[in-house]
Amino acid sequence: MNYWIWLCAWLPFAAWADGEPANWVQLLKQTGPGYYRYEETRELELASQPWHAQGFMLTDATGNLVKLQTVPQRVIMAIAGEQLYYWDPINKQRHSASIEAAGDAAQQIAAFRAILQGRIEQLQADYEIALHPLGNGWQLRFTPKAAAAETSLPSIEIAGNGDTRQRDISIRQADGEITRYRIDASAPEAGGGMTIDALLREAAGE
């Protein structure tokens, strides 16, 4: 489960002139709630066709986040505090675990949470961070350092342009799996007024 991908939602284009990767990452720190539509494409090594999904992501300033997949079926995946949640109502599958018990996924979660919360020292310990011009926009690239690569951290690329509402995120796992996201900032009304609290309670079975 790609719990950790949802933490990286947008990067302010206005900071382009700064040019220092650490400052760019600091600008990712969320100061309020976020609400996004997403489209996801996953390329699996043994699959003949990419897997597609779409839905909504909701985040708040404390680091909680919910990924509500609506297509191809409704699934809730969430991070609240140090706990992970998964709820598939169609197949009646509900799971929860601490981040510490999540194995390699915990390393990935830690990286994205560090991006969201602006924990520069933690990111720089595990990643080489490089900012590149890309056509009319930019690309921020996170490459695991040699020691960190042994913990199966993914390589991450975040790209954008002058449209501050839209971001492209690419995550390449150590085993070659690639997941790509197109994320667009949206208004809460677009999802029928759903809230993080309500979705977290549903995911936890409360």
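These are my notes on one chain, taken from a predicted model.

**Ground rules.** I number residues from 1 along the chain as its sequence is written.

**Overview.** I looked up the elements and found 5 helices and 11 strands. Helices (H or I, at least four residues) and strands (E, at least two) are DSSP runs, numbered from the N terminus. Next came burial: buried residues make up 46% of the 206 residues. Buried means under 20% relative accessible area, exposed over 50%, and partly exposed in between (1.4 Å probe, protein chains only).

**Cores.** I then looked for nonpolar cores. Such a core is a set of buried Ala, Val, Leu, Ile, Met, Phe, Trp, Tyr and Cys residues joined through side-chain atoms within 4.5 Å. The largest has 17 residues, and L140, F142, I158, Y181 and I183 touch the most other members. Strands 1, 7, 8, 9, 10 and 11 each supply at least two residues of this core. Another core, of 15 residues, lies apart from it and includes A80, I196, L199 and L200.

**Strands 7 and 8.** I checked how these two run: they are antiparallel, joined by 8 bridges. Two strands pair if DSSP finds at least two bridges between them. L131 stands opposite L140 in strand 8. The hairpin has 2 residues between the strands, and G135 there takes a positive phi near 60 degrees.

**K67.** I found K67 in strand 3 (residues 65-71). Is K67 buried or exposed? K67 counts as buried because its relative accessibility is 1%. Its side chain makes a polar contact of 2.7 Å with the side chain of Y181. A polar contact is a pair of N or O atoms within 3.5 Å; within protein, one must be able to donate a hydrogen and the other to accept it, and residues adjacent in sequence count only if both atoms are side-chain atoms.

**Helix 5.** In helix 5 (residues 196-204) I listed the buried residues: I196, L199, L200 and A203. They cover an arc of only 100 degrees around the axis, so they sit on the same side of helix 5. The arc is that of the directions from the helix axis to the C-beta atoms. These buried residues pack against strands 2, 3, 4, 5 and 6. Just after helix 5, G205 takes a positive phi of about 80 degrees.

Definitions and conventions:
This is a predicted model: local features need pLDDT of at least 70, side-chain atom pairs count only at pLDDT 80 or more; totals for chains, interfaces and linings use all residues. Side-chain values use heavy atoms; hydrogens and water are left out. Contact means heavy atoms within 4.5 Å.
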